[in-house]
Amino acid sequence: MKKQSFRLAFGIMLILILIFHFFQNYNIKIQPPSNKWGKEVLISQGRIKSHPKIIKVNDNYVLAHDDGDKIRVFILDKLGNKLKEQTVEANDTLVRNLNLLYDGKNIYINWIITNNGVKILNNIKLDDSLKSVESWYEKDIDESVQIDNDVFAISSGNKIEVRNIRTNETTSVKADISGYLTAAKTKEGYIVAFLDNDQNFKYFTIVNSRASSVMPAGRVNKDNFEVFNGTAIGVDDKYGYILIESKNRGQFGKVKILSFKLDGSGYQTKDLNIDFINYIYNPISLPQGDGAEFMAGSERIYGKKNAQYDIIDFVFKDGKISEYNFVTRTKEATVFPAWADGTAIFCDYFGNDKYNVYMTSMDDSFKERFNGIRSSEVKEAAGDTLVQAIYSLAYLFVLGMRWILIGEVLASTMTLFAHALTRGKKKIFFSATYIFTALIKLYVINKVFYTQYRGLMSGVLSTPAAGAAAALILSFVTFLYGYIEYNRDMDSMPIISYTKSVLIDAVLTLMLFVPFIF
């Protein structure tokens, strides 16, 4: 067989391996986040420091997010198309507790800024064309939290107010509050929780505009270097759940859960883990459904091995997580979830303190429109395949040398004594050396890919037998190449033909196996 034929064969084998891994990556990239949620649509971008807000208004959605010293407001249809947009002045570059409300006619936006040490709640009213109608501010407002499309709560001093802008009703509750105001919509009304000055979490409920007494939820202890960063609350028929995000020595990613019985008979605290996920951040409350519903950021293994940070929704029922679904799938770090009527907003960091703002939805028409294959997904799959190929070459020195060096020692020994061997013995020695090297290769492949990283092997190469068969086929073809080349000129040094063959074998083998673990 001519050299050109072998080169063509090696080229075809390399191309087939690259195509195989391209489709492995492609089949991952084209998947939506989960069966429940659709693929993302880019809506906006900005310098965002507060959770965006989205509400349902008639058949459309209204979205608001901060952007430096401005608030950007959009009216979107259910497919994320911008129908109208407006920008209003935020009066500060640090926007906190952004709320977005609707009274049936006008849209209200409020947010907290700090001016000379005084916390101020800025309010602006827009008409249905997003034109400013009125603006005003309130001083000494410590915190605010949105509860429903037309209801929000504020804390000021030792008082919490729950305001309904549609009915103009305000419910006031005296509370020894130190911070971490949180609230959620329940089947009967609303639940509001806070941390008191003795570091106990307490709560009250509102039904038909009437507040219950303030009741204890429980106490959450923290380490000396631990600081609470945010809270969320939800209830099912028996339990209340307060999620407390904390940071320790500046490190995020830990959420504690305080579960308390609504009959007041007890509570417990523990770290929140969702199945195999323990890195959780940015929790938010969702309205009560079949249980207590939440969204949060989480670490996710996308595909089989790539860690990224995505949004997850989850439901607590009877003290346990009964369901969870991934909401997002983007590669960048994803933060600041928001939710309204089956539609979610989230933000992806892309540098220079800027974030992309995306929309996704559970709506069937949204998923039908956007869950198709995208050119960007094809490009990402191709890019990942190229990177995997480069890493595979690098692994020639990490893994390949484990069997190449042993074979090189044997081939060197053969070269030293080749002049004393007959033609037949030279062929036997060459073949035996290569077979021994191939066996060492099989041992390394099995130990690394089917013992250490067995859980990452998938598809046609998921079993050790399939991997061994593929590795032996590559060794057989490259052996033939080296054997035929050496047979043409047996007076040459056998190590030359052997080295060419074993290097080609190693490159093809690593190209086939390494992408599974990278």
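Tutor: Buried means under 20% relative accessible area, exposed over 50%, and partly exposed in between (1.4 Å probe, protein chains only). This is a predicted model, with local features needing pLDDT of at least 70 and side-chain atom pairs pLDDT 80 or more, while totals for chains, interfaces and linings use all residues. Residues are numbered from 1 along each chain as its sequence is written, and side-chain values use heavy atoms, without hydrogens or water.

Student: What is the strand order in the open sheet with β19 to β22?

Tutor: The order is β19-β20-β21-β22, and the pairing is antiparallel. Strands are DSSP runs of E, at least two residues, numbered from the N terminus, and two of them pair if DSSP finds at least two bridges.

Student: Which strands stand at the edges?

Tutor: β19 (226–235) and β22 (267–271). Each has a single partner strand, so one side of each lacks a neighbour in the sheet.

Student: And how many bridges between β20 and β21?

Tutor: Nine, in the antiparallel sense, between β20 (residues 239–248) and β21 (residues 251–261). Within that pairing, Tyr 239 is opposite Lys 261 in β21.

Student: Which residue forms a salt bridge with Lys 254?

Tutor: Asp 271, with the closest N and O atoms 3.9 Å apart. The two residues are 17 apart in the chain, Lys 254 in strand β21 and Asp 271 in strand β22. A salt bridge here needs a side-chain nitrogen of Lys or Arg within 4 Å of a carboxyl oxygen of Asp or Glu.

Student: Asp 148: buried or exposed?

Tutor: Asp 148 is buried, with a relative accessible area of 17%, whereas Lys 185 counts as partly exposed at 33%.

Student: What about Lys 70 and Asp 69?

Tutor: Their side chains form a salt bridge at 3.4 Å, N to O. Lys 70 is partly exposed at 31%, and Asp 69 is partly exposed at 33%.

Technical notes
Helices (H or I, at least four residues) and strands (E, at least two) are DSSP runs, numbered from the N terminus.
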